[in-house]
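Thanks for coming, everyone; I would like to walk you through one chain this morning, region by region. Please have the sequence and the structure open while I talk.

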Amino acid sequence: MGTAPEPKEPIPVVLAGARGHGRWHLDNIRRLTAEGKVRLAGVCDMAPLTREELGDGLGEPEQSADLAALVTRTGARIAVICTPIHTHADLALAAAERGAHLLLEKPPTPSYAEFTRLSEGLRRYGTVCQIGFQSLGSHALPAIRKLVADGRIGAIRGIGAAGAWARDEDYYIRARWAGHRTLDGRDVVDGVLTNPLAHAVATALHLADADRAEKVAGIELELYRANAIEADDTSCVRIRTGHGTTVAAAVTLCAEEPGEPYVVVHGDRGRITFWYKLDRIRVERDGAPPETTGHARTDLLDNLVARLRDGTELLVPPDRTGAFMRVVEAVRTAPAPVPLPADAWRTEPGAGVTARAAERRVVTGIDRLVTAGAERLALYSELRAPWAAPPTEVPHP
């Protein structure tokens, strides 16, 4: 996709959704502003940011609840969109139609039909889009691919992903759409596989060289919930790729002892574990001591700026998230998550993000199941979890 190079002065950016996770984007824009790469031209939110929320170093950006009008008035060349999942496609296309290139938070859309509409619109408007899977900017990924290509762990048997996180009950009341499959007749699909631990799934698919939609041959899925929500909070998925590699992910927001999520590449002579939030890998080979290395990371907004200025390859264009979107679609169309029986979970005090005392639900034995799922590329039902139901199988699309 051809775009005229941007001039070297700071590129004007608007941020849609500056609260919640949007605060991270606001701080990142602040960092890139200090480096002279961007300037914050506008903020789009339901209520204007206060001076305290905006902080220093960003000037006096225009504020509006109307993203399309804001892009037009400010002449923004980039729109960072960090809004509820079901608003992504409409806002992204509104900004793209007015000439803004995009950094769009994950998941890009809540359905494959919306993903197709987004992709077609971007082509029509001639704009580029980066999907916000920050883990895919890690320099550990090419290092892992080289280790595999060099035969350091032998032939690949499969790739597993594990995520054992904890979320308080008030996590699901932080926003009206949180924990929903649908809202007001629109798809949301805010489940553990598709949103909080989406990076685990997308990173595993990337390492399997199966991140494009056409690389998916089949999906098996198990969705459960311990919390009183509509979406899933404890789930697993197994993906058959067209070239025969198996990718499996086991995840939960109800961990006993929350830990760092990871992806593990299984070889017949060793394994490589990648803690993607830490950009750290450990190589374990038969007959050799483990080797642990840390790696740098390219920021995705920085990469988008470089793409516009000098044609640097975009790290996470939409088509490289097509396989992940097949998983989103499988979750969307699957039967409702199975509620776990009351004797399968317990409550514990949570950290809390609201004024009230929060609790969290903990699934007994889930940490062991998550680890085993990534190790054995197995589903919870195959691991004989007492509450597990047969998987839903999604055929090749």
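Before I quote any percentages, let me say that helices here are DSSP runs of H or I with at least four residues, while strands are runs of E with at least two. Please also keep in mind that what you see is a predicted model.

With that in hand, let me begin with residues 143-272, which UniProt, in an unreviewed entry, lists as "domain: GFO/IDH/MocA-like oxidoreductase". Over this stretch the chain is 13% helix and 36% strand, and the C-alpha atoms at its ends lie 11 Å apart. The other annotated stretch I want to discuss is residues 13-133, for which UniProt, again in an unreviewed entry, gives "domain: Gfo/Idh/MocA-like oxidoreductase N-terminal". There the composition is 40% helix and 21% strand, with 19 Å between the end C-alpha atoms.

Let me now turn to a pair of helices, α4 at residues 88-97 and α5 at residues 112-125, whose axes come within 10 Å and cross at roughly 5°. Since angles under 35 degrees count as roughly parallel, α4 and α5 are therefore described as roughly parallel to each other. On the α4 side the contact involves Ala-89, Asp-90, Ala-92, Leu-93, Ala-96 and Glu-97, and these meet Glu-114, Arg-117, Leu-118, Gly-121, Leu-122 and Tyr-125 in α5.

After α6 comes Gly-151, which has a positive phi, near 75°.

Is Ile-29 buried or exposed? Its relative accessible area is 0%, so Ile-29 is buried. If we set aside neighbours within four places in sequence, Ile-29 is in contact with Val-13, Leu-15, Val-38, Leu-40, Leu-58, Val-80 and Leu-301. The C-alpha atom of Ile-29 is also separated by 9.4 Å from that of Asp-302, although the two residues are 273 residues apart along the chain.

Note on methods. Residues are numbered from 1 along each chain as its sequence is written. This is a predicted model: local features need pLDDT of at least 70, side-chain atom pairs count only at pLDDT 80 or more; totals for chains, interfaces and linings use all residues. Side-chain values use heavy atoms; hydrogens and water are left out. Buried means under 20% relative accessible area, exposed over 50%, partly exposed in between (1.4 Å probe, protein chains only). Contact means heavy atoms within 4.5 Å. UniProt positions are given in the numbering used here, feature names are shortened, and annotations may be inferred rather than shown by experiment. Axes are lines fitted to C-alpha atoms, for helices over the stretch in contact, and angles run from 0 to 180 degrees between N-to-C directions. Angles under 35 degrees count as roughly parallel, over 145 as roughly antiparallel, 65 to 115 as roughly perpendicular and the rest as oblique.
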